[in-house]
Amino acid sequence: MTRQVAFLSSAELWRRGHGPQHPLKPERLQRTHELLEEVGAFQLSNVHVIAPRLATFEELTLFHTAEYVNIVRALSNGQQDIPASRYGFGPGDNPVFQSMAESEGRKVGSALLAAERLINGDCDIAFSYGGGLHHGAPQRASGFCVFNDAAVVIHWLLKQGLRVAYVDIDVHHGDGVQAAFYDSDKVLTISLHQDGRTLFPGSGFVEDTGTGPGSGYSVNVPLPPYVDDALYLWAFSRVVPPLIARFEPDILVSQLGVDTHYRDPLANLALTTAGQERLFRELDSLGLRWLALGGGGYDIGVVPRSWTLAMGVMASCTWPEELPAGYRRRYGGDWLRDTEGPVLDPRLQSLNRVRVEQVVEAVRREHHL
Ligand SMILES: [Zn+2]
């Protein structure tokens, strides 16, 4: 059966950004939209492009404090007498930028609109690729994330009485989302990521499993640097499907960061687009209503291709192998999928095999699998 897929996108998503030196470039979103358009995704009868809306104050405060939302608005309007660093803002990861409240509030509205469409039965899968800002805290910006769309939308889904499984495949630990539901047994959070001892935000260890009634409902799979497609997928298959089956969620929320790619400049895992595509398939085959969010990914030559492959999985459509002519002319590149991969030291690979086996065994023991 063909699934109906909502794709949340409009030019408003890439009008503003964190500045020319910042790795989270709005062009990532623009180029993904353009590539999807040029491969013909938006002509498919089961793909529906929906323009994101702004999140309201009430919606943002499902997770963020009212004080913080007001601070973001004031900073965004250029107010100067605010101790911005107290709220995580400043030069570097989280600069204040013009119209920040609107730009980042739209990414939350995007996730909420996607969730509404799913709940109403208008679609089976919704891809809010502008979001996945999983580091945001209730009263603090962190790791490029002003508002945490994932945490807000999961709170909204809980209000509708749903049990939510959250699976985060970004290379960084989904710390903000985990913390938001650390004491809840209504949300199962699973994050696979590069080991926090070697990467921001420095958290997400196997023994961090939740607290109180949420004990056992936070799952972390920290992976050593240079883990490749095969090892990552093996770890995923040993942990994610059995935990999801046991939890019996009403809906899957996923964060589809693609900074696991071997060419990503901010991290050290070694996946290719082939591995990422197989991961999207694994998530798809869980057979749940699926709210997919975007996430990290900082090689602009990779991100649009990876997320186009994700849309192919969602819409059950195979795109041409060759990149569309117009896209190639503007941005270079030849092929949709990677034609080469990482060169890895075989000794490190066998060492990593042992390490990943140990991590997976520890996770399975901790969670009684
Ligand atoms: Zn990331």
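Helices, in what follows, are DSSP runs of H or I with at least four residues, numbered from the N terminus. Just after helix 9, Ser316 takes a positive phi of about 55°. Welcome to a predicted model, in which local features need pLDDT of at least 70, side-chain atom pairs count only at pLDDT 80 or more, and totals for chains, interfaces and linings use all residues. Residues are numbered from 1 along each chain as its sequence is written, and side-chain values use heavy atoms, without hydrogens and water.

**Zinc site**
- Asp170 (OD), His172 (ND1) and Asp259 (OD) coordinate the zinc ion at 1.9 to 2.1 Å.
- Donors are N, O and S atoms within 2.8 Å of the metal (3.2 Å for Na, K and Ca), and water is not among the atoms, so sites may look incomplete.
- Along the chain, the donors of the zinc ion have the spacing D-x1-H-x86-D.
- Asp170 and His172 are both buried, meaning under 20% relative accessible area with a 1.4 Å probe, protein chains only.

**Helix 9**
- Helix 9 (residues 303–315) has 13 residues and spans 18 Å from its first C-alpha to its last, close to the expected 18 Å; the expected span is 1.5 Å times one less than the number of residues.
- Because 13 of the 13 residues of helix 9 are buried, helix 9 is largely enclosed by the rest of the structure.

**Helices 4 and 5**
- In helix 4, Lys107, Val108 and Ala111 are among the residues that meet helix 5, where the partners include Val152 and Trp156; contact means heavy atoms within 4.5 Å.

Technical notes:
Buried means under 20% relative accessible area, exposed over 50%, partly exposed in between (1.4 Å probe, protein chains only). Helices (H or I, at least four residues) and strands (E, at least two) are DSSP runs, numbered from the N terminus.
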